[in-house]
Amino acid sequence: MSDRRRVRAFGLEIDSAFDAPGLPAVNGRSFGPRATLDVVDPDRIDSGWPARGADRVLEEDFGGRRSQPDRTIDVHPKAGWRLYARHFGLARVSPTGAHIECAPPPVAAWRWQRFLVGRVLPWAAVLRGLEAFHASAVSIDGRAFAFVAPTGGGKTSVAVRMVARGAGFLTDDVLALDRRDGVLRAHPGAGIASVRPAEKALIDRALWRRLGRTLGNSGKSYLALPREDGPLPLAAIYYLRPGQDATIERAKPDPRTLLASTFVLGVQTPTRLMNQLDVCSVIAKQVPTFTAGVDPNGGSAALAERLEEHARELK
Amino acid sequence: MSDDLLSSRLRVPDHVVHRSFEEETVVLNLDSGVYHGLNPTAARMLDEIDKSDSVAAAVDKLAVEFDQPRERIEADVVALCQALEERGLILRA
C-alpha cells in the first residue's frame with residue numbers, strides 16, 4: 001500500500017503522494033471531482049513533453065538578463081499543460097486536470113507549494129469543471145462571503161481580520177465555485193494566507209499566534225491556519241475598493257466586472273468559457289454584490305468589523 | 001439586401017451562447033472566445049429573431065410588443081441582424 005492521503009482544495013478531491021501545509025488529510029464524503037497529485041523529477045515532465053504542437057499561453061519576465069522567461073505556461077492537446085515558475089519549479093497538468101505532477105526545486109516545501117496552491121491546483125480545478133475567481137473568502141453562520149480585489153487590494157487582510165473576529169477561513173486569493181442543485185458552492189482552497197508586512201505589523205503578536213502557524217516569510221508572511229472542510233453556499237461578494245470610510249454599498253452585478261474577476265484566464269476551451277459565463281450569470285441572479293472601502297494605509301480592522309455585521313444581517 | 005434578410009430564417013448557432021444579466025445580455029462566441037454585450041432591447045430582439053420563421057415575422061411581433069411603428073422596428077432589427085451576422089453570432093438557416 002502506497003503512502004498516499006486524500007486532501008481537498010478548490011473543489012478537487014486529491015489523491016496526494018505528499019503532505020502539504022494548508023492541505024489537511026480528509027475522510028468521508030467527496031464534494032467534487034477527483035485528481036491525483038505526485039512529485040516527480042523534472043526530466044520526467046520534460047522528456048514526456050512533445051517537441052512540437054504546443055502553444056505558449058503565458059510568458060512573464062520580471063527583469064534581469066536571463067535566457068529563459070521567469071514564468072511560462074504551455075498547452076498541448078494530448079500532453080496537457082506545462083507550468084513553469086522560476087524558483088518554484090515545474091508542473092504538468094493532464095488535459096482534463098485529473099493528473100498533476102510537480103517537479104519542485106530544492107527549496108523548503110512551503111516555498112514551492114505556494115506555486116502549487118496559487119496556480120497549479122486552481123488550473124487543474126478549472127480543467128475539472130470548477131470556476132475560479134481572484135478572491136479570498138470566509139465563512140459566517142454556514143455561508144461563504146467572498147472578497148474580490150486586484151493584487152494588493154486587501155483581499156487577504158480583510159479575510160484574516162475577519163477570521164480574527166471569529167469567522168471561518170475558506171480561501172486566500174483563489175476561490176473555486178461550482179453549482180449543485182441550483183446553488184453556487186464556494187469551495188475551500190488551501191489553509192494558507194499570505195499577509196503583507198504592513199497588515200501584519202498592525203496585528204497584535206498574540207493574536208497572530210492564535211490565528212495559526214507562520215510557515216515562513218518571503219516578501220509576505222505565510223500563515224497556515226485552520227480552514228473550512230467542505231463547500232458552503234456563496235452568500236455575497238464584496239468588491240474591495242480603496243477608501244477610508246469602511247462603507248458598504250450595494251452594487252449592480254456587471255458582467256464585465258464578474259468576468260474580469262475570474263482566474264486561470266489561460267484556459268479558453270469552449271467548455272470553460274461557457275462554464276465561466278454560466279457561473280457569472282448565476283452570480284448576477286442569485287448572489288448580492290457590494291462594494292466596500294478598505295483603507296490602504298490604516299489596515300482592514302474597521303472594515304472587517306463592518307463586514308461581519310453586514311454579513312450576519314444579510315438574508 | 002434588406003428584403004433578402006427579412007425573408008430569411010436566422011438562428012443562433014451552437015457555438016454561440018448568451019446569458020442574461022441585470023442590465024445586459026452577454027453573447028459569447030465559443031469558437032473565438034469573444035464576448036459581446038446586448039442591451040435589453042437588442043437581447044429581446046435576438047430572442048424573437050431566433051425563434052421566428054423569418055426576420056419579417058419577428059419584426060411584426062416586436063412592433064406590437066414595443067408599440068412602435070413597424071418601419072422603425074424593421075430598421076432596428078435589420079441593423080441588429082447585420083451586426084450579429086458580421087460577427088458570426090447568427091446564421092441563415
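This is a predicted model: local features need pLDDT of at least 70, side-chain atom pairs count only at pLDDT 80 or more; totals for chains, interfaces and linings use all residues.
Helix H2 of chain B covers residues 40-51, and helix H4 of chain B covers residues 70-86. Their axes come within 11 Å. The crossing angle is roughly 80°. Angles of 65 to 115 degrees count as roughly perpendicular, and H2(B) and H4(B) are therefore roughly perpendicular to each other. From H2(B), the contact takes B:Ala42, B:Met45 and B:Ile49. H4(B) contributes B:Val77, B:Leu80 and B:Cys81. The contact of H2(B) with H4(B) has six nonpolar residues, with no polar and no charged ones.

Along the sequence, the elements of chain B run α-β-β-β-β-α-α-α-β. Chain B has 93 residues and a radius of gyration of 13 Å. A compact globule with 93 residues would have a value near 12 Å, so chain B agrees with that expectation. The C-alpha atoms of chain B fill a box of roughly 35 × 30 × 20 Å along the principal axes. Of the 93 residues, 25% are buried. Contacts in chain B between residues at least 6 apart in sequence were also examined. Among these, 48% join residues at least 24 apart.

Chain A holds eight helices and 20 strands. Its C-alpha trace spans about 55 × 45 × 40 Å along the principal axes. For 315 residues, a compact globule would have a radius of gyration near 20 Å; chain A has 19 Å, which agrees. Buried residues make up 46% of chain A. Among contacts in chain A with a separation of 6 or more, 66% are between residues 24 or more positions apart.

The two chains touch. Chain A supplies 12 residues to the contact, and chain B supplies 12 residues. On the side of chain A that touches chain B, helix H6 (255-260) and helix H7 (270-286) of chain A each supply at least two residues. H7(A) provides the largest share of this side, seven residues. By class, the side of chain A that touches chain B has eight nonpolar residues, two polar residues and two charged residues.

Notes. Residues are numbered from 1 along each chain as its sequence is written. Chains are lettered from A and ligands numbered from 1 in the order in which they are written. Helices (H or I, at least four residues) and strands (E, at least two) are DSSP runs, numbered from the N terminus. The radius of gyration is taken over C-alpha atoms; the globule rule is 2.2 Å times the number of residues to the power 0.38. A residue is buried if 20 or more other C-beta atoms lie within 10 Å of its own, exposed if 12 or fewer, and partly exposed in between; C-beta atoms are placed from the backbone. Two residues are in contact if their C-beta atoms, placed from the backbone, lie within 7 Å. Ala, Val, Leu, Ile, Met, Phe, Trp, Tyr, Cys and Pro count as nonpolar, Asp, Glu, Lys and Arg as charged, and the others, Gly among them, as polar. Axes are lines fitted to C-alpha atoms, for helices over the stretch in contact, and angles run from 0 to 180 degrees between N-to-C directions. Angles under 35 degrees count as roughly parallel, over 145 as roughly antiparallel, 65 to 115 as roughly perpendicular and the rest as oblique.
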